[in-house]
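Keep the structure open beside you as you read.

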Amino acid sequence: MLDFLGELQRTHTCGALRVSDAGRKAVLMGWVNRRRDLGSLIFIDVRDRTGATQVVFDRERNPALHDKAEVLRNEYVVAAIGTVKKRDPNTVNKNIPTGEVELVADELRILNQAKQPPFLPSETVLPNEEMRLKYRYIDLRRDAMQFNIELRHKVAMAIRGYLSAKGFFEIETPFMTRSTPEGARDYLVPSRVQPGSFYALPQSPQLFKQILMISGFDKYFQIVRCFRDEDLRADRQPEFTQIDLEMSYPQPDRVYEVVEGFLTAAFKAAGFQIKTPFPRMTYDEAIRLYGSDKPDLRLPPMTDVRDTFAQENLSNLAVSASSPIVAICIPKVGELSRKERDDIKPLFSGRGNAKLFEDFKRLEKSFPETAAKIREKSGAQPEDLIVIVAADSKPATHPSEGGVKPEVKQHDHAVYTAAGLLRVALAQRYAAQHGAFVRRDFRFLWVTDFPMFEWDEQGKRWAAAHHPFTSPHERDMDKLQSDPASVRALAYDVVLNGTELGSGSIRIHRQDIQRTIFHALGMTEEEAHTRFGFFLEALEYGTPPHGGIALGLDRIVMILAGAESLREVIPFPKTARAVDLMVDAPTPVSEAQLKELGIQVKKN
């Protein structure tokens, strides 16, 4: 028989009681976390999101209450009323903050029963992720998930507080807008009152926040939900949350300063201190030194060692004499076994014209002087692993990679990026146990001066490397038509430990330049007007220079929580197939609903 709550109110949360509360009356409410029956004594751990407290039911004190407690099982919802008592020294539980006290029960109200769950929040061995997502309301009761969601709240509040104190307004932008697909696919929403027309869920509030700058709100931010219909990975979800901001009249340095400020506040809320200002590196430097536009600075940079090889050595090795030869150094790993060397070859497969030399000891025997110079130039210690990546002397067979500036030639770019991917893969496989990837070693970086355009091999045209509203460098404006590959964007990314946290840019605020960019991207006047006519018109009414950035809140919290997946820090995430297992979505809808919307579903 269940009890009503009536007018009863809890006096303490389940994690609040301490020795100083001994002798006081207390009312606790929560779930039964654990039950231990010792005959005349029943011990119940009552849990809420703040912790757990042991409640004692003594048959000698109150036989009827003891009998009532016998029916309790895991995850029952209860209210326990009694007196706080200091535990005997030999029964103190040092593993929990409330472990020095217990509640001696005078009354018990059973507020709800619970079926036997498929898994318990207190279990240390977890079921598979699909089971956890199907019963997410059980999974969210676990301490780890409670910690992650509380952390998410603290981080978001710290960011809001910082930006508000700096004069930013949090302004909501629409969730139902027009489709202007760029990159990822839009999620479409059919309109019942405008048959045949669709809204799109925003991939970002990009145009709206620029319009807010035109509207005179010179400091805008929003912690906002965004939507992208794309293939998922551990760090991607179809709906995600980003910290979005925009400012009028900023130099990039001002954007960096604001971002570094709110990240400092966010990390402090999680208990970490970070160093500012963050170092900066151009895109070209990042590719040359790390083979990636999101470098992980916890590992040593790569080194071009081409000048250590004699011409005849290059011929013997069948590598290109005109492309870089990159040495990758992974600290403290030492020489790999034959099996380990064989294991890393698949990590390198499909890298175009790049060629791998994974056995440095063999190279050392054939070319001792060159090997010694490589060790010296790369700064490698005797216990470090060295592998070499070069370009095959045969002509490249892979398609050219557009959007690469002349300083980083297309052929060189392939070598650097192949080496960069291998560098991280080697470290993840072999160096983690040596401390190369300490999770709390936060290495931030600004990457700047990205290419404005990249070549779309499939469409045989230039595409925006960032988005089409990013401003080119003023010094590169005259190259927009004549040499798009060399045009640099006023774009910047903030990177942490090899993960892109956010991307931003100074925007185009002049209509003539915006039209030129659309033209460079292959858009006709008619297409530009159809897709962006409202925005082009807005630019005619006195648009101030402006710029901003958007950072992924989910990614930031994932890193702070030490989690492996975004799903660990999002309350109700989707699976890798974009399915919500708990509510069983997406699902078909009725014929009546489709008819009302004027939609007919075509069966594949």
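Strands β17 and β18 run antiparallel, and four bridges join them. Two strands are called paired here if DSSP finds at least two bridges between them. Helices (H or I, at least four residues) and strands (E, at least two) are DSSP runs, numbered from the N terminus. If you want a spot to start from, find F453, whose bridge partner in β18 is A464. The hairpin has four residues between its strands, and K460 takes a positive phi near 55° there.

A quick word on the model before going on: it is predicted, so local features need pLDDT of at least 70 and side-chain atom pairs count only at pLDDT 80 or more, while totals for chains, interfaces and linings use all residues. Residues are numbered from 1 along each chain as its sequence is written, and side-chain values use heavy atoms, with hydrogens and water left out.

## The barrel

Five strands make a closed barrel in the order β1-β2-β3-β5-β4, with mixed pairing. From one strand to the next, the twist averages 55°. For that angle, axes are lines fitted to C-alpha atoms (for helices, over the stretch in contact), and angles run from 0 to 180 degrees between N-to-C directions.

Look for W31, which stands opposite R47 in β2.

## Salt bridges

The structure holds 43 salt bridges, each being a side-chain nitrogen of Lys or Arg within 4 Å of a carboxyl oxygen of Asp or Glu. One of them joins the side chains of E70 and R59, at 3.4 Å from N to O. That pair links distant parts of the chain, 11 residues apart: E70 is in the loop between α1 (63-69) and β4 (77-86), and R59 in the loop between β3 (51-58) and α1. E70 counts as partly exposed because its relative accessibility is 30%, and R59 counts as partly exposed at 31%. For these labels, buried means under 20% relative accessible area, exposed means over 50%, and partly exposed is in between (1.4 Å probe, protein chains only).

E568 and R132 also meet through their side chains, in a salt bridge of 3.0 Å, N to O. This pair spans 436 residues, with E568 in the loop between α15 (553-561) and α16 (591-597) and R132 in helix α2 (residues 129-134). Both E568 and R132 are buried. They belong to a salt-bridge network that links R132, R136, D139, R142 and E568. Elsewhere, the side chains of E358 and K345 form a salt bridge at 3.6 Å, N to O. Here E358 sits in the loop between β14 (354-357) and α10 (360-366), while K345 is in helix α9 (residues 338-348), 13 residues apart. E358 is buried, with a relative accessible area of 14%, whereas K345 is partly exposed at 41%.

## Aromatic pairs

A search of the whole structure finds 17 aromatic pairs. Rings of Phe, Tyr and Trp (its six-membered ring) pair if their centres lie within 6.5 Å; planes under 30 degrees apart count as stacked, over 60 as edge-to-face and the rest as tilted. Y283 and F450 make a tilted pair, 5.5 Å centre to centre with 45° between the planes. Y283 is in helix α7 (residues 283-290) and F450 in the loop between β16 (444-448) and β17 (453-456), so to speak 167 residues apart. Both Y283 and F450 are buried.

F469 and F535 form an edge-to-face pair, 5.5 Å centre to centre with 80° between the planes. F469 lies in the loop between β18 (461-464) and β19 (491-496) and F535 in helix α14 (residues 525-538), so the pair ties together parts that are 66 residues apart in sequence. F469 and F535 are both buried. There is also an aromatic cluster made of F267, F272, F278, F442 and F444.
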